[in-house]
Amino acid sequence: MPARQGLVLEVDRSTPPILFHHGEGFRFEKLPSGSRVIYPNEPVEPIEDVDSAIRDALANPLGDSPPLEALLQPGMKLTIAFDDISLPLPQMQAPDIRGRIIEQVLDLAANAGVDDVHLIAALALHRRMTEAELRHAVGDRVYDAFAPHGQLYNFDAEDPDGLSHLGETDHGEEVVISKRAVESDLIVYVNINLVSMDGGHKSVATGLSGYTALRHHHNVETMRRSRSFMDQENSELHTKNWRQGRLIRDAGVKIFQIETTLNNNTFPEPWDFLQKREWEMNAKERMFLFGTKKFLDKIPRKAARSIFQGIRAPFGLTSIQAGEVEAVHEVTTANVYRQHLVRVEGQTDILSMGLPYLGPYNVNSIMNPILVACLGLGYFFNLYKGKPLVREGGVVIMSHPTPQEFHPVHHPSYIDFFEEVLADSTDPEKIEHKYEKRYAEDEWYRHLYRTSYAYHGVHPFYMWYWCSHALEHVGEVIIVGGEERAVKRMGFRSATTMRDALEMATDVVGRDPSLTHIHNPPVLMADVV
Amino acid sequence: MISESLAGKRIAVTGSTGFLGTALVERILREVPDCELVLLVRPTRRNSAERRVQREILRNDAFDSLRSQWGESFEETCDQRISVVSGDVSADGLGLSDLDRRLFISADVIIHSAATVSFDSPLDSSIEINLLGPNRIVQLLNEEAVTPHLIAVSTCYVAGNRRGAANEELLAGTPFQVKVDWRAEVDAARRTRSDLDARSRVPEELKRFGKGAREELGAAGLPMLAAKTEQLREAWVNDQMVEAGRSRATSLGWPDVYTYSKALGETALIELHGEIPISIVRPSIIESAWEQPAPGWIRGFRMAEPLIVSFAKGELNTFPGYPEGIIDVIPVDMVAAAIIAVAAKGPETEPEIFQVASGSTNPLQFKVLLDTAMEWFQEHPVYDSNGHPTASTEWKYAGSSGLEEQLDRVVKAFDVAAKVINRLPIRGESSFTSKFAERRQNLDQIKGYVNIYGAYGKCEAIYGIDRTLALWESLTDQDRSQFGFDPRVIDWHHYITEVHLPTVVIQARVKTTPEKRSGPSRSERLRSAVLDPGRHFAAFDLENTLIASNVVESYAWLATRRLNPKQRFEFALRTLSETPGLWRRDKRDRTDFLRYFYQRYKGAPLGQLQADAAEMLSELILIKSFPAGLRRVRAHRAAGHQTVLITGALDIAVEPLRPLFDHIIAAQIDNKNGKLTGEMIDVPPTGEVRAQLMIEWAEQNGLLPEQGVAYADSASDLPMLEAVGYPVAVNPETRLVTIAEKRGWLTENWPKTSGAPKPLLPMGQRPKVKPPHQGVR
């Protein structure tokens, strides 16, 4: 049975309360009649025989690439790079697709007599992955074979001897990537393309790069000119990554790109009610949902956090393609859109969203206030094609408890960003100009990024820049249920209930505004016409 | 005419730096143009007599009007008319040089107003100054065979705690006087001092002081504990002397040692004065000026004010005294004027006594004083630091003893609580401990005031002023307008609301406006001073200053990292069972504790420890870190300061923190063939050693300790904190809160990040693949 398409529901009096994600919990909100709720497409039917599909993709590459087997020779240097802990969300149930692909690539390499193989977690300025996380991504067999010999490791964008400067694009953007990658005869990059911005030239140009190169597109101006950064044709971020990627290609760095797309079967039992439409839940599911909510509201946040962080998604593989970067990415993007795009007519005055417990940067960690802002205003807001869901000057209402909590190991520079930078200003341009360099070059953050498990010193800035398009576009941001001191620090307003939030929004958008709620996750991307 | 009769005269004054003395000097300079002043002033360790006159007398705001009146000639006129002699009324011969002696005895009038007016002075110092002071003057004059007019300032309260009329008579002739041999009192006072001193040196007492020092400072190191012990001993002797004074005075019917010594002083003076003509002026409670030099002028914090302010702040709601009792207050300018009038009139053959008091002719009842004050404070409420007005309730009156008992009970309860708190591992995180210390200090103060002034509230003597009034009647109109001392003119309501209380609130520095302070707070000012580029270095303690962890935790973490579950369980049990013993040892002596504890590392492989320590940064240290602390370290570096970590933790364990610091001073364990021996290479940096090592490092690098900043959490770090110009108490334990507050140090409360994981036990996570374990013992 083909998967059902997503839909835009118009709320009427018979519509049950809508489920909002709310950090490590949920809210039920009765939306005003006439509001619209956008539901994602149901999960696309997955490929059944994954191993064959992988084998097939490696043997029948796209673009002008020979099959992988033909690219492997004895004595060559092979580097396998793979996406880090930020993908997919949540982490997928074992075995992880990365591991399954890497096993086959390694088999081919072994058959071809390739000895010099390095596996690198392409984490750019993200935190290093722990042993357990690496094991999950590549599988125990691969880990035990390579890690003890120093051939499986996290990329280090601050290793003074580990980077190679390949030049500048015709727009003056520096291109700097892993020296090992440059010196390799072949890079095989294993992607999980969860959303449409993932993959393509971004894989190597960003994933194996550092501050010097990233600052050319991870900045306020680029983000404001990417409308949205999820839409390749209108993304300045995409354009710049592509320029850098082409320079890498032209410099003779050979990349065999493997991209995979997943369906949005995000929540395993018993959480699968989270991807049901409210009116289709049966009595048992309703009871369970209600009980779970009560339970989660009662237990300490730390306990709820560890329950949620334990969720492993039963994602199904919907496509895998390999070969030349651009040809591969074109097919990938079509597959991502097949799962995510939902057609929506016209913009709205108020856009509401329920923010879940997880974003790309708090896997096995804490969603701090800056990450809350980034998830809502960076990711969810930008999940559009055409024009933003909310009209210019409209209001975004997000639901999240937004506790003023930080992970001291993973997000040390976020703590200081919150205490020092946001206390001074929330204006992305001012922040960029006044503080970015200092944080980016801070010796202590560098030390923690390299030897501990910290996001790079500059990372919280990027999170704030990610919000800059939304911050420029909307008239007000309200966080329902948000802890006031944290919300206020970020320049937003907090409301206790959705009703209060709607009342507050009328100050900006007037009486009788239109309201649209995106029922995400599972992920959807609005095609606004 | 007063000014005429004193024209060309030389007037010597003792006690001119006091409240009354300053008023006298100013009044004489202003109203008696043609006389000379000789001021006998005691030099202090810091300031010569001349300098004290400049700083403490002439720069007092009493001289404001004179300064503006005389303009540029002020300094010159003062120079011409004032001579300063350096002396001390508690020294034989007044401690004068020959030259000063000649100058002093050449005076026509000597006004002796030097006294220790504190009601709780030690017995012997009251005796030396108040009793023997006038004697020494008389002795000196007799030796030199000169007979100037000696005016001794005494107090009405020499009459003691008795009811009824107390007239201007010699004590000897009144029923008030118990027959006491003042010479025996002098001997006894001196003997008491040496007896108590001897008693303070017996082993049991010394042990007690040692224990007290440790309780106050913790394991602060030998030199500091020794100094504290000696300080406690001296303080104890002094306290005993105060108590001896109080009990001796009350046993003879005086409210306190001040009045007792003053009374005996009068008796001795009468006995010894010989040919020297004397007058005695007895004021009652001297308070702020009625008119001169300015209405409300006051010097220092006096008598009833502390109680009134405590009431206005809502700290006290019971007043020691009876509502219908009379509080005999007299404005300072009336006392000064009366003394000048007595000087101008000249002596009689027999000693004359003048009382300057209000109680007999214009009595002020407690009830009136307090009700008027309450009315005034309702209109001018006192605001707390948050800008909220504090509510004052209805006064209650208590005989002072009842109140004292009540306060005693509260203070005792506080002390018990303080002992408990000092022993608890709580810190200044919620500012609870600092509030506690503040309240305790306040209570002490109030209790002190009640003890001291309570007796005056209950005193029911009425001081007759017939002779003073007769003197008043004899004055010309012009003298009367210049030298008013008729207490009958005082309108008490006006005095309290328009003159006295407005000055009191200024003197007490209480806020009577609701505005939140503008400009930076004290902490903000201190913080910016600490981060000023002019500082040279910043030294940081580690445990509880930058991270909420300790050597035991890091040892436990490192030791368990490579153990299997069964071994880990056994380790946890063993460590838990040892904890109380370790804790006691640590409290007793940190150095000893570290030496003992670090033996556990014996046999540990160095390389493996180093690798594990790198992981410990993420799994223990950062999780327990205070982000604001780490931010501060870097702020110092950004300001161009050198940063140094000084810790008793093991060097290997703190190595991952190196990028924060220019230098690390940590404990080091020797190693042989790649294995630790468990023996320390040097004395571990704790207590005074810590301070020494810091200073040495600073000096080697050309950095000045007085431009240094030091951060620490415990009283045992006092040597290090005291060694720098800018000490900062971080999350201070209760003992340090008190010390930091007293000394005005910056206090920082740095929390852990909320949301940080809280492992139940500090145990290393077992790596899945790594070479097989070579456990630490």
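Reader: What makes α7(B) count as mostly covered?

Author: Of the 22 residues of α7(B), 16 are buried. A residue is buried if 20 or more other C-beta atoms lie within 10 Å of its own, exposed if 12 or fewer, and partly exposed in between, with the C-beta atoms placed from the backbone. This is a predicted model, in which local features need pLDDT of at least 70, side-chain atom pairs count only at pLDDT 80 or more, and totals for chains, interfaces and linings use all residues. Residues are numbered from 1 along each chain as its sequence is written, while chains are lettered from A and ligands numbered from 1 in the order in which they are written.

Reader: Where does α7(B) bend, and by how much?

Author: The bend is about 50° at L132(B), and a proline, P134(B), follows within four residues. The angle is taken between axes fitted to the seven residues ending at a residue and the seven starting there. After the helix comes A145(B), with a positive phi near 55°.

Reader: Which residue marks the bend in α15(A)?

Author: F418(A), where α15(A) bends by about 35°. This helix (residues 412–424) has 13 residues and reaches 18 Å, close to the 18 Å expected. F418(A) is also among the buried residues of α15(A), which include P412(A) and L422(A).

Reader: What covers the buried residues of α15(A)?

Author: The cover includes α14, α16, α17, α18 and α20 of chain A, together with α25 (627–638) of chain B.

Reader: How many residues does each chain bring to the contact between A and B?

Author: Chain A gives 20 residues and chain B gives 19. Two residues are in contact if their C-beta atoms, placed from the backbone, lie within 7 Å. On the side of chain A, α15 and α17 each supply at least two residues, and α17(A) has the largest share, with four.

Reader: Why is strand β6 (residues 116–121) of chain A described as largely enclosed?

Author: Five of its six residues are buried, so the rest of the structure largely encloses β6(A).

Reader: What makes β5(A) and β6(A) a pair?

Author: Six bridges join β5(A) (residues 77–82) to β6(A), and the two run parallel. Pairing asks for at least two bridges found by DSSP, so this one qualifies. One of the bridge partners is L119(A), for I80(A). β6(A) also pairs in the parallel sense with β7(A), over three bridges, and there I120(A) stands opposite Y153(A).

Reader: Which elements make the β-α-β unit with β6(A), and what is its handedness?

Author: β5(A), helix α3 (residues 97–111) and β6(A) make a right-handed unit. Right-handed says that, with the strands pointing away from the viewer, the path from the first strand over the helix to the second runs clockwise. In the loop between β5 and α3 sits P90(A), joined to L89(A) by a cis peptide bond with omega of about -10°.

Reader: Why does M224(B) count as buried?

Author: There are 20 C-beta neighbours inside 10 Å of M224(B), so it is buried. M224(B) belongs to helix α10 (residues 222–251) of chain B. Leaving out residues up to four places away in sequence, M224(B) touches L217(B), E688(B), L718(B) and P719(B).

Key. Expected span 1.5 Å × (residues − 1).
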